Amino acid sequence: MQQRVGDHSFSVVGGKMKEKLQALVGTKLDSLGIVIDDVYIGKEGNETTLYVVLDREEMLDLKTVVQATRILNPIVDEADLVDGSYTLDVYAKEKGDVEE
């Protein structure tokens, strides 16, 4: 199923792609306290992006997202989840405003 937002097209593949990636990752993100919240594919023109959304109880800082990306990148490359070339975009689920 395709969804369009402005010039961007997104494939809604979350369930099966998310389950497959979770199975491949296993417990490798447990030490960071992170879970995979969602996985989807976006297309803009000829560019394809595989988005992986991470979550955990407390806020995810950039350093932790980078650590998780270093764990995920070789797993995603090996699994060949997306046909053709693509960009992997790993980011933290939004938690809303944080008061200081």
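Trainee: How many helices and strands does the protein have?

Mentor: The protein has two helices and five strands; these are DSSP runs numbered from the N terminus, with helices being H or I of at least four residues and strands being E of at least two. This is a predicted model, in which local features need pLDDT of at least 70, side-chain atom pairs count only at pLDDT 80 or more, and totals for chains, interfaces and linings use all residues. Residues are numbered from 1 along each chain as its sequence is written, and side-chain values use heavy atoms, with hydrogens and water left out.

Trainee: Which pattern does the protein follow along the sequence?

Mentor: Read along the sequence, the pattern is β-β-α-β-β-α-β.

Trainee: What about the largest nonpolar core; how many residues has it?

Mentor: That core has 22 residues. A nonpolar core is a set of buried Ala, Val, Leu, Ile, Met, Phe, Trp, Tyr and Cys residues joined through side-chain atoms within 4.5 Å. Buried means under 20% relative accessible area, exposed over 50%, and partly exposed in between, with a 1.4 Å probe and protein chains only. Those with the most contacts inside the core include Leu-21, Ile-36 and Leu-72.

Trainee: Which elements each supply at least two residues of it?

Mentor: They are α1 (14–25), β3 (35–44), β4 (47–55), α2 (62–79) and β5 (87–92). The largest share, five residues, comes from α2.

Trainee: And Ile-36, what is it in contact with, leaving aside neighbours within four places in sequence?

Mentor: Among its partners are Lys-18, Leu-21, Val-25, Leu-29, Val-52 and Leu-72, where contact means heavy atoms within 4.5 Å.

Trainee: Changing topic, how many salt bridges does a search of the whole structure find?

Mentor: The search finds two. A salt bridge is a side-chain nitrogen of Lys or Arg within 4 Å of a carboxyl oxygen of Asp or Glu. One joins the side chains of Lys-93 and Asp-37, at 3.4 Å from N to O. Lys-93 lies in the segment after β5 and Asp-37 in strand β3, 56 residues apart.

Trainee: Is Lys-93 buried or partly exposed?

Mentor: Lys-93 counts as partly exposed, at 36% relative accessibility. Asp-37 is also partly exposed, with a relative accessible area of 26%.

Trainee: What does Glu-58 form a salt bridge with?

Mentor: The partner of Glu-58 is Arg-56, and their closest N and O atoms are 3.4 Å apart. Glu-58 is partly exposed at 46%, whereas Arg-56 counts as buried at 14% relative accessibility.
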